[in-house]
Amino acid sequence: MKISLVNEMRQIDKFAQEKFGVPELVLMENAGRASSDVMIRLLGGSAAGKTVCVLAGGGNNGGDAFAAARHLMNNGAEVKIFFAGNSAKLTKSAAINRDICSKMGMSIQPLATGRDFEKLPLFLNLSDGVLDGLLGTGVKGDLRDPMPRIIKCVNDAHRPVVSIDVPSGVNADTGAVASEAVMATATVTFGLLKAGLFFSPGASHAGEIVVDTIGLPVQLLYDRGIMQEYLDDGLAASLLPKRAIDVHKGSCGRVLAIAGSRGMTGAAVLASRAIMRSGAGLEMLASAESLLPIYAEKLTETMTQPLPEVRPGVLGDSAYDVLMKQLAKFDVVLIGPGLGRASETTAFVRRLANEVHLPLVLDADGLFAFVGHTMDLKGIGAPLIMTPHLGEMAALLGMKVEALKANIIEISRKAAHDWGAILVVKSECTIVVFPDGRVYITSKGNPSMATAGSGDVLAGTIAGLIGQMEKGHAGDAALLGVYLHGAAGDLADEEKGEGLVAGDIVRCLPTVRKNLKKLA
């Protein structure tokens, strides 16, 4: 399923009306019916005898609310409408729906004076449900009075809320909330999913997300110019590599991982275990020679390659020649988990990355090596996957995390193009960004995964999958790896809750892959 940005959805609406001849009134009617259907479901399957408070703004979002109010009344609900807008500025379609509501005998209470606001909380508290049609997808920056006050009243009432298109107050592109935003029980979004419903804090305001196409022409919803897509079960299942009956360990992916340093051997161990649990045929962990006894005790299925050290636990150029002799044996290289940030190590990483002519995954300290040196990324000729969390991504870009979050899709899209890399940007919602502008967004994963080593598991999962894919499909491995990692985290959360550790995610990887295979 595609995911739209605000300007793209506006174009879809415009083309539906101008090129396909779909009247705005028809789209509004369908939006109203879809919204009322979700409200009725929240009310237990019947609106009869229930009281619904409908909040309508001055835009077409308000027109959708008026249309929904009619359907709710027709289904037996007692409806009270509060209007927070300028009647003179209503669009023709919204005004038509308002007038129908009035002729049907519904009370439409303006929210203009102090006395008006005294009535709102009283009726909210008497309502069985609230329909939020105050603001649409055009919200940016601070809300003007009286919207924050109205929204606070809604949230303070603690009633089931259905928001139309996006919760009022949420930026539909970024998920930002400048002041107040409605805490919805469910959000009915029209045409396509909106990007801001995936990013915090907007994601925590959306509740259950229901998508309704409201009769928009399918050609517009699948337009190739819309470059954001939802990484769902079906897409992930289609990416699963298929194994022939005559496969062997050498044909299932051979991974070289360069990882670990003193005090950070756990990162190398977690990444190595994820490589094997993702289905890779074999892995070699190359690490400082003084650390090998630790790995010998912790890793049974992984081969090890001792590397010469510049000092105990620290790698530098002395390891370069050893690794170059090994590369021909492998299909993919992972650099970075727990590798360390000594100046000798970062210089070594940059040199090695430019000589690796295999698909390359850079994670953690492998990414740190390129802070201030992102121009060197352009010289990497092999397929490159980078897996930064928000702090690492901001450091690579030389910007604040807040600035990155304010426009994460477009900033990441430009960086992927400039660096020639597939970016796996980890936040509350992980996105996979391709150099050609494609962006994939997943809803898998949960807050319990905010634990040390989770990122090492993701990097190992992606590296382990690359060797199982057909040549040239490293991007598929990034997408599938993000999905499997998030789904494994969800399964681990069911078992362990907030006490889960990264190793629990590793242990769940085979189960989620097996479950996904049933959908393929």
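Let's start at Ile209, which sits in strand β9, the stretch covering residues 208-212. This is a predicted model, so read everything below as a description of a prediction. Is Ile209 buried or exposed, or something in between? Its relative accessible area is 32%, so Ile209 counts as partly exposed; the buried class stops under 20% and the exposed class begins over 50%.

Together with Met1 and Val211, Ile209 forms a nonpolar surface patch of about 210 Å².

## The seven-strand sheet

Now zoom out to the sheet that β9 belongs to. It is an open sheet of 7 strands, paired in parallel, and the order reads β4-β3-β2-β5-β6-β7-β9. At the edges you'll find β4 (107-110) and β9, each of which pairs on one side only. Going from one strand to the next, the twist averages 20 degrees. As a general point, the strands of a sheet pair through backbone hydrogen bonds, and they can do so parallel or antiparallel.

Let's walk through part of that order. Strand β5 (residues 129-133) pairs with strand β6 (residues 161-164) through 3 bridges, in the parallel sense. If you want a pair of residues to look for, Leu131 has Val162 in β6 as its bridge partner. The next step is from β7 to β9, a parallel pairing over 5 bridges. Look for Ala186, whose bridge partner in β9 is Glu208.

## How covered is β7?

Strand β7 spans residues 186-190, and how many of its residues are buried? The count is 5 of 5, so the strand is mostly covered, taking under 20% relative accessible area as buried. In a regular strand, side chains alternate between the two faces of the sheet. In β7, Ala186, Val188 and Phe190 point one way, while Thr187 and Thr189 point the other way, and all are buried.

Strand β14 (residues 332-335) is another one with cover on both faces. Val332 and Leu334 lie on one side, Val333 and Ile335 on the other, and all of them are buried.

Which strands pair with β14? One is strand β11 (residues 254-258), which runs parallel to β14 and is joined to it by 4 bridges. In that pairing, Ala257 stands opposite Leu334. Another is strand β15 (residues 360-362), paired with β14 in the parallel sense over 3 bridges. There, Val333 stands opposite Leu360. To get from β14 to β15, the chain crosses through helix α13 (residues 343-353), and this β-α-β crossover is right-handed.

## Two cis prolines

The bond from Asp145 to Pro146 is cis, with omega near 10 degrees. Pro146 is in the loop between β5 and α6 (147-157).

Further along, Ser200 and Pro201 are also joined by a cis peptide bond, and omega is about 0 degrees there. You'll find Pro201 in the loop between β8 (193-194) and α7 (202-206).

## Positive phi without glycine

His158 is not a glycine, yet its phi is positive, at about 55 degrees. It is in the loop between α6 and β6. Is His158 buried or exposed? With a relative accessible area of 67%, His158 is exposed.

Ala364 is another non-glycine residue with a positive phi, in this case near 50 degrees. Its place is the loop between β15 and α14 (365-368). Why does Ala364 count as buried? Its relative accessibility is 15%, and buried means under 20%.

## Leu384 in β16

Last stop: Leu384, found in strand β16 (residues 384-386). Leu384 counts as buried because its relative accessibility is 3%. For a sense of distance, take Leu384 and Arg224: they are 160 residues apart in sequence, and their C-alpha atoms are 24 Å apart in space.

Technical notes. Residues numbered from 1 in each chain as written. Predicted model: local features only at pLDDT ≥ 70, side-chain atom pairs only at ≥ 80, totals over all residues. Heavy atoms only, no water. Buried < 20%, exposed > 50% of the residue type's maximum accessible area, 1.4 Å probe, protein only. Helix = DSSP H or I, 4+ residues; strand = E, 2+ residues; numbered from the N terminus. Pairing = 2+ DSSP bridges. Right-handed = clockwise from strand over helix to strand, strands pointing away. Patch = residues over 30% accessible without salt bridge, like charges linked within 9 Å, V, L, I, M, F, W, Y side chains within 5 Å. Areas by Shrake-Rupley, 256 points an atom, 1.4 Å probe, with all protein chains shown as cover. Salt bridge = Lys/Arg side-chain N within 4 Å of Asp/Glu carboxyl O. Axes fitted to C-alpha atoms, helices over the stretch in contact; angles between N-to-C directions.
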